[in-house]
Amino acid sequence: MATRCTLVGMPGSGKSTVGRHLARRLGCDFVDMDQQLEQRLGCSIRSYFEARGEAAFRAHEAALLAELAAQPGPIVLSTGGGVVLRADNRALLRTHCAPVFYLRANADEIFHRLRHDRKRPLLQVDNPQERLRLLFRERDPLYREVAHYVMETRRASVQALVSRVQMQL
Ligand code: S3P
């Protein structure tokens, strides 16, 4: 079995839920980057974005990824949806966080799942559905670039996704 695995994908694609279940099945630690960042920053990601801006958040995110990538040991890592925006993060994901699984859901499915979400700063706009479409168009190629496996999440239960990931380890 691989010693670690990493989940990437759009916000709301199920990374945290699938990751938590997968780690439980594998009997290893689960690390959720957003949760760790909130602990470090001492506030919610949304508040941090509002106070300090996205660029400051991305710097913390990249620093945490570099630390996690350097740590040995079996973990399931759930990343934030924007982690693939930086080329240095993408390189680290490919080389030090393998295998990487892209949980792929399209913008409209995600909009449906997140329509009541108030937590994600990037979606606090007048037209979140359009925003998600733009984000998806920009990021889908980036998720594909880092992914060793692409898993379509449409109509798949959490347990089915966990099994499909586990089969590749
Ligand atoms: C972001 C996604 C969030 C979080 C931050 C930025 C993004 O993580 O890191 O709000 O740029 O898509 P999730 O993908 O876990 O929602």
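These are my notebook entries on a predicted model, written for anyone meeting the structure for the first time.

**Entry 1: the sheet**

I began with the strands. Five of them form an open sheet, and walking across it I read the order β2-β3-β1-β4-β5. The pairing is parallel. I then looked for the edges and found β2 (29–32) and β5 (149–152), each of which pairs on one side only. I also checked the angle between neighbours: on average, neighbouring strands of this sheet are turned by 20° against each other, direction ignored. As a reminder to myself, strands of a sheet pair through backbone hydrogen bonds, either parallel or antiparallel.

Next I picked one pair to follow. β1 and β4 pair in the parallel sense over three bridges. Looking across from Thr-6, I found Val-100 in β4 standing opposite.

**Entry 2: a helix over the sheet**

I turned to α8 and asked which strands it lies across. They are β1, β4 and β5, and α8 runs at about 160° to β5.

**Entry 3: the core**

How many residues does the largest nonpolar core have? I noted 34. Those with the most contacts inside this core are Val-8, Val-100, Phe-101, Tyr-102, Leu-103, Val-146 and Val-165. Both strands and helices give two or more residues to it, among them β1 (5–8), β3 (75–78), β4 (100–104), α1 (15–26) and α7 (128–146). In soluble globular proteins, nonpolar side chains tend to be buried together.

I stayed with Val-8 for a moment. Leaving aside residues up to four places away in sequence, Val-8 touches Val-100 and Tyr-102, and its other contacts include Leu-93, Tyr-143 and Val-146.

**Entry 4: the ligand**

I listed the residues around the ligand: Pro-11, Asp-34, Ile-45, Gly-80, Gly-81, Gly-82, Arg-120, Pro-121 and Leu-122. Sorted by class, this shell has four nonpolar, three polar and two charged residues.

**Entry 5: two backbone details**

Most residues other than glycine have a negative phi, and most peptide bonds are trans. With that in mind, I looked up two spots.

The peptide bond from Ala-98 to Pro-99 is cis, with omega near -5°. I located Pro-99 in the loop between α5 and β4.

Arg-155 is not a glycine, yet has a positive phi of about 60°. I found Arg-155 in the loop between β5 and α8. Is Arg-155 buried or exposed? With 12 or fewer other C-beta atoms within 10 Å counting as exposed, Arg-155 is exposed because it has 7.

Methods. Residues numbered from 1 in each chain as written. Predicted model: local features only at pLDDT ≥ 70, side-chain atom pairs only at ≥ 80, totals over all residues. Near = placed C-beta within 6 Å. Nonpolar A, V, L, I, M, F, W, Y, C, P; charged D, E, K, R; others polar. Core = buried A, V, L, I, M, F, W, Y, C linked by C-beta atoms within 7 Å. Buried ≥ 20, exposed ≤ 12 C-beta atoms within 10 Å, placed from the backbone. Helix = DSSP H or I, 4+ residues; strand = E, 2+ residues; numbered from the N terminus. Contact = placed C-beta atoms within 7 Å. Pairing = 2+ DSSP bridges. Axes fitted to C-alpha atoms, helices over the stretch in contact; angles between N-to-C directions.
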